[in-house]
There are 4 protein chains.
Amino acid sequence: MTDQFDPTPSDRFTFGLWTVGNPGGDPFGPAVRPSKSPLELVEGLAQVGAWGVNLHDNDLIPFGSSPSERDRIVSEFRAAVDSAGLCVPMATTNLFSHPVFRDGAFTASDPKVRAYAVRKAMRAIETGVELGAQTIVFWGGREGCESDACRDVRDAIKWYRDAYDFLGGWVKEQGWDLRFALEAKPNEPRGDIYLATTGHILHFIETLEHAEMIGVNPEVAHENMPGLSMVHAVAQAMEASKLFHIDLNAQRIGRYDQDLRFGSEDAKGAFFLVRLLEGTGGYDRYEGPRHFDAHAYRTEDWDGVWDFARGCMRTYKILAARAAAFDADPEVREILEAGQADPDSVGELIGSFDAERCAKLEALELDPEALAAVGKRYERLDQLAMEHLLGVRG
Amino acid sequence: MTDQFDPTPSDRFTFGLWTVGNPGGDPFGPAVRPSKSPLELVEGLAQVGAWGVNLHDNDLIPFGSSPSERDRIVSEFRAAVDSAGLCVPMATTNLFSHPVFRDGAFTASDPKVRAYAVRKAMRAIETGVELGAQTIVFWGGREGCESDACRDVRDAIKWYRDAYDFLGGWVKEQGWDLRFALEAKPNEPRGDIYLATTGHILHFIETLEHAEMIGVNPEVAHENMPGLSMVHAVAQAMEASKLFHIDLNAQRIGRYDQDLRFGSEDAKGAFFLVRLLEGTGGYDRYEGPRHFDAHAYRTEDWDGVWDFARGCMRTYKILAARAAAFDADPEVREILEAGQADPDSVGELIGSFDAERCAKLEALELDPEALAAVGKRYERLDQLAMEHLLGVRG
Amino acid sequence: MTDQFDPTPSDRFTFGLWTVGNPGGDPFGPAVRPSKSPLELVEGLAQVGAWGVNLHDNDLIPFGSSPSERDRIVSEFRAAVDSAGLCVPMATTNLFSHPVFRDGAFTASDPKVRAYAVRKAMRAIETGVELGAQTIVFWGGREGCESDACRDVRDAIKWYRDAYDFLGGWVKEQGWDLRFALEAKPNEPRGDIYLATTGHILHFIETLEHAEMIGVNPEVAHENMPGLSMVHAVAQAMEASKLFHIDLNAQRIGRYDQDLRFGSEDAKGAFFLVRLLEGTGGYDRYEGPRHFDAHAYRTEDWDGVWDFARGCMRTYKILAARAAAFDADPEVREILEAGQADPDSVGELIGSFDAERCAKLEALELDPEALAAVGKRYERLDQLAMEHLLGVRG
Amino acid sequence: MTDQFDPTPSDRFTFGLWTVGNPGGDPFGPAVRPSKSPLELVEGLAQVGAWGVNLHDNDLIPFGSSPSERDRIVSEFRAAVDSAGLCVPMATTNLFSHPVFRDGAFTASDPKVRAYAVRKAMRAIETGVELGAQTIVFWGGREGCESDACRDVRDAIKWYRDAYDFLGGWVKEQGWDLRFALEAKPNEPRGDIYLATTGHILHFIETLEHAEMIGVNPEVAHENMPGLSMVHAVAQAMEASKLFHIDLNAQRIGRYDQDLRFGSEDAKGAFFLVRLLEGTGGYDRYEGPRHFDAHAYRTEDWDGVWDFARGCMRTYKILAARAAAFDADPEVREILEAGQADPDSVGELIGSFDAERCAKLEALELDPEALAAVGKRYERLDQLAMEHLLGVRG
């Protein structure tokens, strides 16, 4: 049974090797699914309609592989990706699993660990380039602490900056046309992770030497864990032209990192996120891949993994259709236009200071009681959003 | 009974009029304490040892006062502050109480409301200047939404920017030596408030025309509500020379805005925050006022309000003493120095890219297994912090 | 424009006077809507299709009214309710607004406050009876503390028990056929409220003298504030035949008490809750009123209030239709039946101990590896739930 | 360097084998510490001053061991425990690690899994008895779901009850004098775990056939994850004589299960918890073991593990001393006594209904305004608690 919500490569959906390849282990129990090789995962992704596959260096190349092993693995993988009709738009470095990073990678107190981390990132970027990636994601899973006794946060920020300044310069030196996308997370596996949200990261980027090549990779789960709005984070990044990549999944607020099937929690939040990515209100569409960073429940076998992958993509497409219908709804447009009407061009008085506009602003007749009396119709507007979401309108 | 932890003006403690003046109303019940006038509050603050008093425009001047009433009120207040030996280091604008701001002030969809908000802020800045304030705080309590249907977040960010670009230019035009300090909050009273954390605000500031005069005013409660680290937020701001003001109080994670007595929750977090503000690890002390934005429990009468105010200040001083002892503890220093030792100057290889240093980095002999084997002693270090905090260690 | 989701009295929807009557004040600003009288609210509720109206004593009768004023008000209200074709199925007592309850009502440290609270509850029950209420709700908004220094929690629990033992006995003495429904909330307006969740309350009820007449009134927002599952709480209450009333609304986890329009957050949670209430899986339907304890955004005028009320009811009916379709979906049934199949009646061996069944249990051949290998198809099942919810299936 | 806070066996501190034996793996990386055998762990615990050691069946006996292997292992372990001068006061069953329990153990949809789980629990209880345990803890880590589509919660509760009814009966049949202690957790590793808090469990116990032998094992982290008060949960259990065991650790609200060193977060909460356990306000001391369910940071080597263990115990003892001083402080006693004074024995009027007392209650002269005017001095009281905690008083 197929319908218009079944995924196709033109939807530009991507999955990480680590997502569909997740074998179901967690802190309270081991893997429940037999492992699949990267080549098998690529084949499976092609079958369910994905466009691309992303990876950490060690999803593909075991830690400690010799250069020749590495070359063989990369070359086989590239052939498999090509033969499956997929691509590898993004690559990243695992700087969190090996015990050497137990106290951080780019922000480890031990400078030799920092050096080791930078070198590992260089090797992973080389692999990404070899596989055709245009975006390098950095998630600093161990860059944090359980106790602020362990180091001054300002030292950590400086060391973090040093690493990106070095790596950005090195990439330019190689002549590669790459962009970095930095991913925030507030905690887990560390008690607190430095630069806890997309907002903190956006600021940090402005302090980097190669800021123009560095943007963000917001993740639904990571913004939602502390209860912050993913929509607001992505909008801030888009407004600053810094949305370089995105991690789609689902998460309940205030819990362990769940990486649930996209859209399976906070359906309204997912609806507004998809609306933002697909273009709304005169703003452009996000043109990068729609990447899912999620995994199947531990209750599932391999059939369940592919159910999971299909579900992520179908829900995205359903929400995109619902969002388009919402934007086209005359009642929605009427409420929004009435609320933002500016017949006297008052809005233009505010902005970069200018004495003439200031004089006009001071001279405006503004009655706060009259302005206050106007109801906004947002209960109706949000109910319209819900009824579009639930499929009972249009 | 007095001791070395009793506050004195040289400690530079400040309170808002709205803090000690809070009459104890909440969403489920009205005020429980008879109101005190601003003049009475100033007198009380002087008696408990505060250095300064801060205010919103409407804490002092009722909304809708005539210019002459306003002048009389400000002049009497200034005289009272002088006579009490206090000062007014900070002023702010109430852009959240009046129904005109029900859908935002600087980010309201209605451009006339935005214009009204900017004008109200100009008047409040004038009052601040007249009272001697060097810092103008902005907290946009209504700048947000309950449903993202109501406006595009990017429009809101642009309008927000327009307001600060205008106000910054206007202040410069007047020739005033003022700094703005922007305060983040993730939610309440709106479902989501734009620029939800100090991180988001720090980034936003970088996009403003007058960024150099604009910094942040982080608040313990506002960072802690979503479970983020106040220490990390303040450290990021200090590292960027953007800590222009601070709001001290206490809060349980994941609750309504509590504004509790400083230090009365998360004692370890308060300890590390005070340590940061007082200077540690070779970094300078924060030189601004230690401002408390908190209020007494609704169970209290006026005696309880002054108990509350004294408690905020005493706890700050106790924690400052504990932090100094921690930094001076030889066992603490030994663990930190061992963990950050860099006998081979490896740390210097990372930073702005340079081919020579890159070659050295590539040539380093680094054994990940050996580096991974080193225990960090952070359990001991954190226990030392706890034992200093609890007063059982020298 | 009407459709099958428009509410009618036969749906048994009820609202509190305090919900549609909420004038839009919050901790950061005063009311934004002109007040409506209880009589006007009753008329409005009838017009939007509600079945009943509930109330606190002081929603109707101002605190401190004389007996004759009280009688006149109640009599007029009853006439208005009758004339509008509504009913009053539930009444409750405001034990949280007046400053006398600043430190609790039934659990206040001052025994005179406890006595005053019990007497106020008696008067409110009398009013409820006079208006035809069958259920008396108790929400102890001030029964808690900001600091556990203030009293021993065990003393508070004992005093709490005393109050219900007294009131239950008194109601029986009057010969009234009433049930009490106790409502939990974890915090706000107190730092911690005693008996924080429906679970804690269910246990407390078992320790009461008149436990058989006392059940629970779970509220979506109150269970969700700390991130707990409303569905699990309601199911536990239903399993114990203790669901005596319900408060429907919506809430983001980890925030101030939002009381949002039903279904406007956590759409999947609302879907499973409605499914539970409407009867599923061979279990009976909940037969009590569908009560909404929510209010319109502060951005709304009176039109927006009625938009809000209609939205609550419409969403409930849409979700009920979606839930019925989900339960009837053959693919859903197939997955559930396969997962719970018990061809050998193994399930019957477990339960009250019996030597014979124990011997059979010990003798069973059970291969953990084989049992572990079975995938559960829950990704597919949950995606089916989502696609029913989003209206793309059936 | 030793002091009065160093632990001794008379303090009755216990640790689980899984706590000090935790090798530092987490969802983002493998173990960092070489494993130690149960015998080595017992020796280490004796050296740091513990009184006892607790265990899951599979902490000691590998899953799938033959009966003879099992007997040898248990016997060697018992000898090691004896020789170290320790005891084994509690044992529990691992019903969460093996993939067979991927969808639950006692509440799994598959009845054969439920049967297997009950049998595994029987074997674990036998081991506990053999090692001298008086308390059997049950933590149902997999008893929950990611989606409420998967089963009706009421079915799960019934199956859960069946298991305890069977096991309770079986234990009695064996003639063992054992108590069960059930442990709640709201989520992780499942999306939602059934019977989410100590409150929910306390109610569930009342519905069990052998309720008198079944109590609770509250855990600090599990109550704090959703931001609920551990002190209130423990107090409710103590008031009902159901505190059969306790799990001490530390946790930040709204995060993954951290199992931090006792007292290292929420120092004030830990202070009030220890005060409750040690006896306060005329209530008896909790007489069971002080069990730590926590583990060292992943940054630590084996020295750090023992630092961690010593830290748990020292902090407990420091807090016990601080709590005793607080209770003995005359200013504390004065505030509490004034607040609860009952010169007219008004408190006695409330309780089981009685017409005579009711008449007295109705006749009382109670002025709500006068009662409302009294300030409670809780800011002062809580500041006294903080100053005792911080060691600057008495």
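1. Buried area is the accessible area, taken with a 1.4 Å probe, that two parts lose on being put together, summed over both. In this predicted model, the area buried between chain A and chain B is about 8900 Å². Carbon and sulfur atoms give 62% of that area.

2. The contact between the chains involves 100 residues of chain A and 100 residues of chain B. Polar contact across the interface of chain A and chain B amounts to 36 residue pairs, with both partners at pLDDT 80 or more. On the side of chain A that touches chain B, helix 6 (residues 153–174) of chain A supplies the largest share, 14 residues. By class, that side of chain A holds 53 nonpolar, 29 charged and 18 polar residues.

3. Eight salt bridges are counted between chain A and chain B. One of the salt bridges joins the side chains of A:R123 and B:E362, with an N to O distance of 2.8 Å.

4. Within chain A, strand 1 (residues 13–16) is covered on both faces. A:F13 and A:F15 lie on one side of the strand and A:T14 and A:G16 on the other, and all of these residues are buried.

5. Strand 1 of chain A runs parallel to strand 10 (residues 290–292) of chain A, to which three bridges join it. In this pairing, A:F13 stands opposite A:R290. Strand 1 of chain A is also joined by three bridges to strand 2 (residues 52–56) of chain A, again in parallel. Here A:G16 stands opposite A:N54.

How values were computed
Residues numbered from 1 in each chain as written. Chains lettered and ligands numbered in written order. Predicted model: local features only at pLDDT ≥ 70, side-chain atom pairs only at ≥ 80, totals over all residues. Heavy atoms only, no water. Contact = heavy atoms within 4.5 Å. Salt bridge = Lys/Arg side-chain N within 4 Å of Asp/Glu carboxyl O. Polar contact = N/O pair within 3.5 Å; in protein donor to acceptor, adjacent residues only side chain to side chain. Helix = DSSP H or I, 4+ residues; strand = E, 2+ residues; numbered from the N terminus. Nonpolar A, V, L, I, M, F, W, Y, C, P; charged D, E, K, R; others polar. Buried < 20%, exposed > 50% of the residue type's maximum accessible area, 1.4 Å probe, protein only. Pairing = 2+ DSSP bridges.
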